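Reader: I am new to this structure and would like to learn how to read its features one at a time. Could you give me the general idea each time, and then the case at hand?

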Amino acid sequence: MNYLIKRVLQLIPTFLVATLIAFILFSLVGDPFEGLRQDPRLASQVERLRRIYGYDKDPITRYFLWIKNFLQGEWGYSIMAKRAVFQVVMERLPVSLSIGIVNTVLATLFGILLGIYSAIHLYSAADYAATALVFFGMSMPSFFFGVMALFFFVVTIPLFNVGLMTPGFHPDIANLFDKTIEYGRHLALPIFILTLLGMGGFVRYSRSAMLEVLHMDYIRTARAKGLPESVVIRKHALRNALIPIVTLLALSLPAIIGAAPITETIFSINGLGKLYIDALGANDIMVLMADLTLTISLVIIGNLLADILYAVVDPRVTLE
Amino acid sequence: MEKDNILEIKNLHVTFYTEDGIVRALQGVEYEVKHNETLGVVGESGCGKSVTSLTIMRLLPKPQAKVEEGQILFRDKETGQEINLLELPEEKMRHVRGNRISMIFQEPMTALNPVYTVGDQIMEAILIHNPETTRQEARKKAIEMLKLVGIPAAEKRVDDYPHQMSGGMRQRVMIAMALSTNPDILIADEPTTALDVTIQAQILDLINRLQEQLGMSIILITHNLGVVAQNADRIAVMYLGRIVEYAPVREIFHDPKHPYTQGLLQSVPRLDRGGLKEPLPGISGNLPSPYNPPPGCKFHPRCPYVMDRCREEEPSAVEISPGHTVRCWLHVKGEKSNE
């Protein structure tokens with residue numbers, strides 16, 4: 001228990017250092033408010049904004065000003081959207097979550113299952129097919145694959161839909177069921193692409209984990225006991241193979257809020273990934289920092305989760 | 001099959017088809033195990049002693065290993081029937097494996113599954129072969145077995161994970177697991193090699209005591225002649241996939257016929273002969289590569305008595321006295337006069 005408390009407390013400096021580095025890097029780009037001077041209506045506000053966000057002081061002071069406000073829910077003002085950052089991010093979050101969660105679940109589930117199947121049926125036709133699929137997924141860039149999918153399944157055969165996933169999505173459709181179907185038509189293609197391209201790592205990882213375990217002495221012991229092969233695999237091999245995979249699962253937590261800026265951009269999906277790309281172009285530091293801080297938080301929590309889960313699945317590891 | 005035999009291996013040939021080439025791991029191995037007796041199988045690493053036992057258990061790595069020829073006859077104690085294990089359907093073989101014939105391995109540190117308690121793993125063996133047993137009964141039996149193999153505070157340690165135990169303790173757990181189904185044969189594949197010398201003696205004593213107590217046959221595989229001297233009734237000496245000498249334990253130690261057996265015995269350090277000053281003679285040369293074995297007698301490149309014939313022709317096994325066979329041209333009588 002003490003270990004756990006210590007571990008949680010350690011997250012605080014990690015969080016501060018990571019956000020500080022991000023903040024300083026973005027500060028190198030230059031003054032984000034400079035562009036506002038072009039607009040005669042806003043020119044008079046520039047000095048005031050600079051003062052509010054600490055742009056008249058050094059970057060470190062500015063960082064502490066930012067983090068103080070951030071923790072209080074004041075995420076700043078988006079230059080791009082001309083609205084509060086918090087509002088902008090919260091609008092985009094559900095879209096990214098719906099893609100991210102479904103994609104992460106599918107990619108890990110299919111990835112692990114396929115990897116284990118490959119390992120059990122080593123060097124079979126299915127194993128080679130899985131390997132080919134994995135290498136296709138891992139080497140195919142999403143900007144090409146996405147555009148191809150867009151061309152064939154949206155333009156040529158209008159099976160799916162693309163486009164702005166804005167709040168009040170399709171106000172013309174009143175029926176909730178139809179609305180869900182339409183929502184699915186927008187998300188199915190990017191989710192499919194992200195799953196196909198993202199599961200490769202899981203397949204390779206779980207395949208090699210399973211192969212390693214299958215050569216262990218205790219598997220031979222289990223067979224020598226007279227257990228049927230299915231029990232040997234499910235009870236003795238799988239549980240051990242899952243130990244390293246659990247870590248991978250926890251570390252893929254950040255993916256649920258959309259690590260898919262390119263795919264989102266191709267399919268014009270207004271999620272956090274596209275927001276990030278747009279904000280980069282507009283030098284919208286407050287949006288960038290908010291987006292990045294969310295990701296940083298998930299990475300840190302994922303790491304903690306990996307440590308805890310490790311102790312849960314492996315009796316040799318204790319949280320002492 | 002003779003009446004007092006429980007297991008007979010006949011003319012067993014096993015080949016491994018690997019990426020690096022073909023290895024004829026077993027070539028005409030024959031031995032028998034009698035009721036409540038211990039057979040010691042001795043030889044250097046790679047001579048095929050473990051392959052033989054894995055063949056009995058039908059646990060050879062697939063698809064590399066192939067049984068080319070031979071029979072493994074096993075007598076079912078209950079029905080008195082003779083079964084050829086190599087022809088048994090897998091489903092029936094599962095009821096032999098771990099139930100009628102159990103096996104313990106060299107590496108107690110890795111032979112137990114790290115994520116299940118030792119109790120779970122013993123209970124699993126009991127439950128799979130006795131479907132009518134309840135979990136409580138199985139647990140009771142597991143604790144009883146742990147006590148039998150001399151684990152203190154067995155009621156508590158039954159819930160331990162393997163990593164909480166020492167190597168010797170784990171080997172005791174393995175023995176408890178193997179014997180929990182009351183098998184007819186226990187195959188012990190180098191059970192003490194990975195253990196400290198003091199623990200080795202304890203484990204061997206334990207196996208001996210349990211054999212008397214429970215009544216079973218043992219195949220004791222080892223590269224250590226000292227281990228079989230005290231424990232075995234008969235000994236098979238293996239070299240490169242063949243049994244080169246097969247005899248009762250007294251004859252092996254007092255009247256070894258094969259030059260390889262003689263060499264093995266000379267390389268055992270003894271306090272009563274030569275003392276500490278004299279160097280051990282040992283066997284010259286190295287074990288030949290199994291991918292490319294020498295022609296003729298496989299031992300001839302290392303044999304002190306090598307003759308021309310040894311380089312060309314491989315000797316077959318001859319019985320020089322009842323129950324004592326040897327594969328060596330030195331002992332092929334009648335043909336010597338032809339030279």
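Reader: Is B:Glu190 buried or exposed?

Author: A residue is called buried if 20 or more other C-beta atoms, placed from the backbone, lie within 10 Å of its own, exposed if 12 or fewer do, and partly exposed in between. B:Glu190 is buried, because 20 other C-beta atoms lie within 10 Å. Keep in mind that this is a predicted model, in which local features need pLDDT of at least 70 and side-chain atom pairs count only at pLDDT 80 or more, while totals for chains, interfaces and linings use all residues. Residues are numbered from 1 along each chain as its sequence is written, and chains are lettered from A and ligands numbered from 1 in the order in which they are written.

Reader: Where in chain B is B:Glu190 placed, and what is its phi?

Author: Most residues other than glycine have a negative phi, and most peptide bonds are trans. B:Glu190 has a positive phi, near 45°, and it sits in the loop between S7 and H7 of chain B; helices (H or I, at least four residues) and strands (E, at least two) are DSSP runs, numbered from the N terminus. That loop, between strand S7 (185-189) and helix H7 (197-214), also holds B:Pro191, which counts as buried because it has 28 C-beta neighbours inside 10 Å.

Reader: Which residues does B:Pro191 touch?

Author: Two residues are in contact if their C-beta atoms, placed from the backbone, lie within 7 Å. Leaving aside residues up to four places away in sequence, B:Pro191 touches B:Ile104, B:Gln171 and B:Ile203.

Reader: Where does A:Tyr123 lie, and is it buried or exposed?

Author: A:Tyr123 belongs to the loop between helix H4 (85-120) and helix H5 (125-139) of chain A. With 10 C-beta neighbours inside 10 Å, A:Tyr123 counts as exposed, and its phi is positive, near 60°, in a residue other than glycine.

Reader: What is the peptide bond from B:Lys62 to B:Pro63?

Author: That bond is cis, with omega near 0°, and B:Pro63 is found in the loop between helix H1 (49-57) and strand S4 (65-75) of chain B.

Reader: At what angle do helix H1 and helix H3 of chain A pack?

Author: Axes are lines fitted to C-alpha atoms, for helices over the stretch in contact, and angles run from 0 to 180 degrees between N-to-C directions. Helix H1 (residues 2-27) and helix H3 (residues 59-71) of chain A pack at about 125°, with their axes 10 Å apart. This makes H1(A) oblique to H3(A), because angles under 35 degrees count as roughly parallel, over 145 as roughly antiparallel, 65 to 115 as roughly perpendicular and the rest as oblique. The contact is made by residues including A:Leu20 and A:Phe23 of H1(A), and A:Tyr63 and A:Trp66 of H3(A).

Reader: How many residues of chain B are in contact with chain A?

Author: On the side of chain B, 22 residues are in contact with 18 residues of chain A. Helix H2 (90-96) and helix H3 (118-129) of chain B each supply at least two residues of that side, and the largest share, four residues, comes from H3(B). The residues of the side of chain B that touches chain A divide into 11 nonpolar, seven polar and four charged, where Ala, Val, Leu, Ile, Met, Phe, Trp, Tyr, Cys and Pro count as nonpolar, Asp, Glu, Lys and Arg as charged, and the others, Gly among them, as polar.
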